[in-house]
Amino acid sequence: MVLIASGLRLELGEKLRALRLPERLFLISDQKVARLYGSQVKQALQQGGYRPALLTVPPGERAKTWPVIQRLARELLAQGADRQTSLVALGGGVVGDLTGFLASIFLRGVPFIQVPTTLLAMVDAAIGGKTAINLPEGKNLLGTFYQPLLVLTDPDFLVTLPHKECLNGLAEIVKHGFIRDPELLADLDSAGLRLFRDQERLTDIIHRAAAVKARVVAADEREADLRRILNFGHTLGHALEAASRFRLPHGQAVAWGMLAALELSRRLTGLPAAVAAYGGRLIRNLGLARRLPALNPEAVLAALPLDKKRRGERLVFILLEDLGKPVIYPDVPLPLVADCLQNVLGLPT
Ligand code: ADP
Ligand code: ZN
């Protein structure tokens with residue numbers, strides 16, 4: 001169940017009570033979010049009759065590790081957690097992934113609630129039931145599918161979110177528009193970045209973007225095929241992130257990935273040139289495609305998931321036939337991607 005409304009964080013306790021969640025409950029957050037919202041959310045829980053303990057992790061991707069999971073699990077045990085104990089994730093995608101993973105394996109699984117505080121988590125990470133931690137070998141290599149009982153989204157959290165973090169979420173919203181909701185794109189086009197000063201409009205857009213994700217994963221929870229359309233912009237996006245050694249923010253990497261995918265769609269799947277140009281303008285006007293750092297195009301190409309079994313070097317991309325009409329295109333020739341790196345992304349040859 002996903003609830004979205006301004007001010008909803010203050011009703012967290014009542015909502016959990018309505019779900020008949022038992023008394024014992026731990027709030028897991030990162031230090032930064034805990035400083036901003038810890039006591040307020042604790043208070044909201046107390047109003048529902050809960051006496052939550054708060055556990056924190058350092059902010060940022062580096063917290064998504066096995067040692068952190070182990071430390072949290074031991075703290076839970078030390079404080080008397082049992083199988084009736086629920087875990088509430090208060091934070092961005094990092095806290096959600098980490099807490100969800102812990103909830104899925106602690107005592108073979110305890111109830112889990114998501115309270116996303118970043119735009120990215122509200123429209124993407126908190127929805128769909130994927131949990132994960134990282135290994136030295138790569139991101140999200142250990143994980144589970146584990147659905148939260150409730151995702152409680154309050155857009156008011158975004159008031160304190162730095163603009164660059166907002167852009168990470170905005171890139172995913174645009175992605176959801178491209179794959180399933182052209183009207184969402186039109187609204188983003190007319191709102192522009194003023195969106196972030198209009199709480200009502202922002203709430204509506206979060207609603208619709210979250211709904212796209214929810215619909216796609218509901219139709220395909222275990223990621224067989226349909227769920228792959230959520231990878232629009234991400235095939236190249238992930239390669240750009242890797243080639244930048246993860247210095248390029250995810251939203252920017254995805255924005256450039258979507259620009260390349262629009263160009264590839266124009267060439268391969270018959271996306272009308274005017275539509276590709278409209279999409280490109282939208283991405284740029286929202287300030288998503290910032291100047292790229294000096295990336296080595298060879299390193300970007302090397303980071304792409306090449307299908308080595310086929311003759312020649314070809315790639316699977318999510319492309320568009322039209323707005324809202326994605327296709328899984330299995331045969332993108334590598335030279336065409338190299339061409340995009342030069343002509344769309346402006347990387348040196
Ligand atoms: P994502 O949701 O993009 O995966 P993170 O979970 O790493 O990102 O959160 C990004 C950063 O934003 C972290 O430093 C986190 O502490 C901070 N943060 C999360 N939510 C808020 C908020 N509502 N206000 C201010 N900072 C926040
Ligand atoms: Zn993404």
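Me: What makes F101 buried in this predicted model?
Reply: Its relative accessible area is 6%. Buried means under 20%. F101 therefore counts as buried.

Me: Why is W66 called partly exposed?
Reply: The relative accessible area of W66 is 40%.

Me: Why is the contact of W66 and F101 called an aromatic pair, and which kind is it?
Reply: The ring centres are 6.3 Å apart. Pairing needs centres within 6.5 Å. The planes stand at 65°, and over 60 degrees counts as edge-to-face. So the pair is edge-to-face.

Me: What does this pair of W66 and F101 tie together?
Reply: Parts that are 35 residues apart in sequence. W66 lies in helix α3 (residues 66-78), and F101 lies in helix α4 (residues 93-105).

Me: How many aromatic pairs does the rule give?
Reply: The count comes to 3. One of them is formed by Y37 and F157.

Me: How do you know which kind of pair Y37 and F157 form?
Reply: From the angle between the planes, which is 90°. Edge-to-face needs over 60 degrees, so this pair is edge-to-face. The centre-to-centre distance is 4.8 Å, against a limit of 6.5 Å.

Me: Where in the chain do Y37 and F157 lie?
Reply: Y37 is in helix α2 (residues 31-47). F157 is in the loop between β8 (150-153) and α6 (163-180). The pair links distant parts of the chain, 120 residues apart.

Me: Are Y37 and F157 buried or exposed?
Reply: Y37 has a relative accessible area of 9%, and F157 has 1%. The cut-off for buried is under 20%. Both are therefore buried.

Me: What sits over the ring of F157?
Reply: The charged end of R9, 5.9 Å from the ring centre. The distance limit is 6 Å.

Me: Which ring does the charged end of R17 sit over?
Reply: The ring of Y50, at 5.0 Å from its centre.

Me: How do you know where the second largest pocket lies relative to domain 1 and domain 2?
Reply: Domain 1 (2-160) and domain 2 (164-343) both give residues to its lining. So the second largest pocket lies between them.

Me: What lines the second largest pocket?
Reply: The pocket holds about 180 Å³ of space. It has 12 lining residues, and the closest to its centre are I127, G128, Q147, A214 and V217. Helix α8 (residues 199-219) gives the most, with 3 residues. The lining divides into 9 nonpolar, 2 polar and 1 charged.

Terms used
Residues numbered from 1 in each chain as written. Chains lettered and ligands numbered in written order. Predicted model: local features only at pLDDT ≥ 70, side-chain atom pairs only at ≥ 80, totals over all residues. Heavy atoms only, no water. Phe/Tyr/Trp six-rings, centres within 6.5 Å; stacked < 30°, edge-to-face > 60°. Helix = DSSP H or I, 4+ residues; strand = E, 2+ residues; numbered from the N terminus. Buried < 20%, exposed > 50% of the residue type's maximum accessible area, 1.4 Å probe, protein only. Lys NZ or Arg CZ within 6 Å of the ring centre and 35° of its normal. 1 Å grid on protein atoms, 1.4 Å probe; cavity = no way out; pocket = protein on both sides within 12 Å on 5 of 7 lines; lining within 4 Å. Points joined across faces, edges and corners; volume = space filled by probe spheres on them. Nonpolar A, V, L, I, M, F, W, Y, C, P; charged D, E, K, R; others polar. Domains from an automatic or database assignment.
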